[in-house]
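Have a look at this protein model. The report below walks through its inside and its surface.

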Amino acid sequence: MKHLHLLYTLLFGLAVLLFFGLAYPHHLHYQEQFQLFLYDSDYVWEVVRRPGGVADLLGRFCTQFFLFAWVGAAIIAVLLSAVQLLTLRMATPSSSHKRGEKGFLGGIKGGFYGLSFVPSFLLWLFLLDENALMGGVWAVLLTLLAIWGLSRLPGGWIRRILIIITIPILYWMVGPAWDGTHYHRYPTVVPVLLYAAWLSAIILPLLMRLVERGKWKVELSSYILVSVVMGTLVWKNSNFKAEKVMGYDFMATHQQWNRILETINKEKPNNQIGVTVQNLALAMRGMLLDHMFEYNQNGIAGLLPDVKEDATSPLPTAEAFYQLGMINVAQRTVFEAQEAILDFQKSGRCYKRLAQTNLINGQYEVARKYLSALQKTLFYREWAEETLPLLGNEEAIARHPEYGRLRQWAFKEDFYFSDHVPPEMLESLYFSNTDNRMAYQYLLAYYLLTGDRERYNHFISVKR
């Protein structure tokens, strides 16, 4: 029986792994880009000193690995499987140990075995929300570990003393159960699914102890029933539309222009972020003017959208600003996007881009500040250490294939900028350096999308 239980748990873990690895990878990338986990004592203390800080820190530690979707999927699979095993173990009467039934799964024969998967499925549903944080999963897991550990202790005054000691420690580790910290990126959102998983993980083991024990066929039936019902709920509540949008943003961040072109040729994007990234990729490959009308367009909003005050939508636009050579505009957009992160964390993605823009602008000490922080990370450290020697080295920057080119393309004069990019800015950008083919393509595309034939013809005549 124990081997069947392990098989069911492994099947569940495999399902979680495949779901997040194949169907939801960009949700994991999205999570990673809105935090900056530092291997620094001040950072660690700032997190853990608050109630719920230990769960929060563990959640952030795991999230840094979401830069690699399959690693993130494996972490989630292990954690949710651990919650299921602990729920199942808590349903085991202590008397089973006295009868000599050893092993973590020894003595469990509940006919309602499938109920042990409910808390994990609820956590799975919780994590479908791109703003649900891993600290919540760790809060549930740490609570179950504490309860299970206390339940294994012999009765008497020693156990009561340990319970009294454990309560404030657990409060510090996971936070107050109904007013926890850092379970969701939106501070005003009540994470109902997380609290439901928390309660079910405590209540269901008691229920499983009370029900009549059954044979393996009954256990298999309960497992299949719960898996089908909860699996259907997971699939129905998955936001695959957002997954596609996040995918375009991820590819633009990592400058995967050919992959973007392959993607838009399979399914043309019909949302603002997708169209913005589509046009950027076409321009990066010199194809924008010849092929833009083969794809969905959203007027000038799909070329250089007005910058909004949130942490997500401005970033693809900022990528277009950066590649055009509008370095100051890109820097401002990225900085404001980072400041709009609702849980006030910093962003590894934003820190990297801010280091680049300040380097190009010659603001070396500001760039050093960002690079020094990135040196304290796991996955941005190597890039930061490779970039630091460029600071103040004008010849090396001039030779750099990206920074040298963008420094030459950048605006030579200051100007006032609102959240809307007028064609005059693109004209100024192009005529300050006529080698800037990106500015040329975007300016003509702007005229074509607005139907401004007069200015289009005037620009062509001036260029000649």
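## About the model

This is a predicted model, where local features need pLDDT of at least 70, side-chain atom pairs count only at pLDDT 80 or more, and totals for chains, interfaces and linings use all residues. Residues are numbered from 1 along each chain as its sequence is written, and side-chain values use heavy atoms, without hydrogens and water.

## The cores

A nonpolar core is a set of buried Ala, Val, Leu, Ile, Met, Phe, Trp, Tyr and Cys residues joined through side-chain atoms within 4.5 Å. Buried means under 20% relative accessible area, exposed over 50%, and partly exposed in between (1.4 Å probe, protein chains only). The largest core has 88 residues, and Leu-324, Met-326, Leu-426 and Tyr-442 touch the most other members. Helix α24 (residues 437-450) gives the largest share, ten residues. A second, separate core has 60 residues, including Val-16 and Phe-121.

Helices are DSSP runs (H or I, at least four residues), numbered from the N terminus.

## A buried glutamine

Gln-278 sits in helix α14 (residues 272-284). Its relative accessible area is 0%, so Gln-278 is buried. A polar atom of its side chain lies 3.1 Å from the backbone oxygen of Asn-296. Contact means heavy atoms within 4.5 Å. Beyond four places in sequence, the contacts of Gln-278 include Ile-260, Pro-269 and Tyr-295.

Trp-172 belongs to helix α9 (residues 157-174). Trp-172 is partly exposed, because its relative accessible area is 38%.

Methods: Helices (H or I, at least four residues) and strands (E, at least two) are DSSP runs, numbered from the N terminus. A polar contact is a pair of N or O atoms within 3.5 Å; within protein, one must be able to donate a hydrogen and the other to accept it, and residues adjacent in sequence count only if both atoms are side-chain atoms.
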